Amino acid sequence: YGLTSKDRSRLVADFRRNCACIESATSASLHTILAMDLLCIPPTLRGGVIECGTFKGASAASLSLICQIVGRRLTVCDSFEGLPDEGEQLHVATYFGHYGYYKQGMFCGRLDEVRQNISKYGRLDVCDFVPGVFATSLASVRGPFVLDFLDVDLVDSARDCLRHVWPALVDGGVIYTDDASDL
């Protein structure tokens, strides 16, 4: 894709800025790994990028910067209302220091807030938004996708995402999940 060392350094600085300026449950290091993989996918491989679970939009802002460079669309999927009620399921998420129970509405980033963050720190023009609960909203999403990034926090949500996005993943595409940190 013709990125110079200076271009790559600027992107990493942008990822750090995004994680510092937008409340995030992911790290700039993860954004860099996603970017590296996306930059390794040849332009001849057709497909977009999908993110399921966006919180306030930090990772979507970073992914949108890469999508603009590689000429791909980014589909951002979320309820934009936070987590649903899950009952009494214990979560241990060491990355962000959580030990306890998730509550309904946690990790809420409203659609207008996410759009604003991506507009300020990313590339809104390469993004499409799919609001709603994954079990139903993802039924309308069509691939193909070369990279799927899942950060959905709940087992049922992860199942719903895999059920819908796995079949749309191209041969040679990759799926990442940030949910392995929740032991």
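In this predicted model, helix α1 passes helix α3 in a right-handed crossing, a crossing being right-handed if the near helix is turned clockwise from the far one by less than a right angle, and left-handed if anticlockwise. Helices (H or I, at least four residues) and strands (E, at least two) are DSSP runs, numbered from the N terminus. Residues are numbered from 1 along each chain as its sequence is written. Because the model is predicted, local features need pLDDT of at least 70 and side-chain atom pairs count only at pLDDT 80 or more, while totals for chains, interfaces and linings use all residues, and side-chain values use heavy atoms, without hydrogens and water.

Helix α1 (residues 5–21) packs against α3 (residues 58–70) at an angle of about 155 degrees, with the axes 8 Å apart; axes are lines fitted to C-alpha atoms, for helices over the stretch in contact, and angles run from 0 to 180 degrees between N-to-C directions. That makes α1 roughly antiparallel to α3, a term for angles over 145 degrees. The contact (heavy atoms within 4.5 Å) involves residues including Leu11 and Phe15 of α1 and Leu65 and Ile69 of α3.

The strands form an open sheet of five in the order β5-β2-β1-β6-β7, with parallel pairing, where two strands pair if DSSP finds at least two bridges between them. Its edge strands are β5 (127–131) and β7 (169–177). Five bridges join β2 (residues 74–78) to β5, and Thr75 stands opposite Asp128 in β5.

Helix α2 (residues 28–40) lies across β1, β6 and β7, at about 165 degrees to β6, and helix α6 (residues 155–165) also touches β1, β6 and β7, its direction making about 175 degrees with that of β6.

Note on methods
Parallel < 35°, antiparallel > 145°, perpendicular 65-115°, else oblique.
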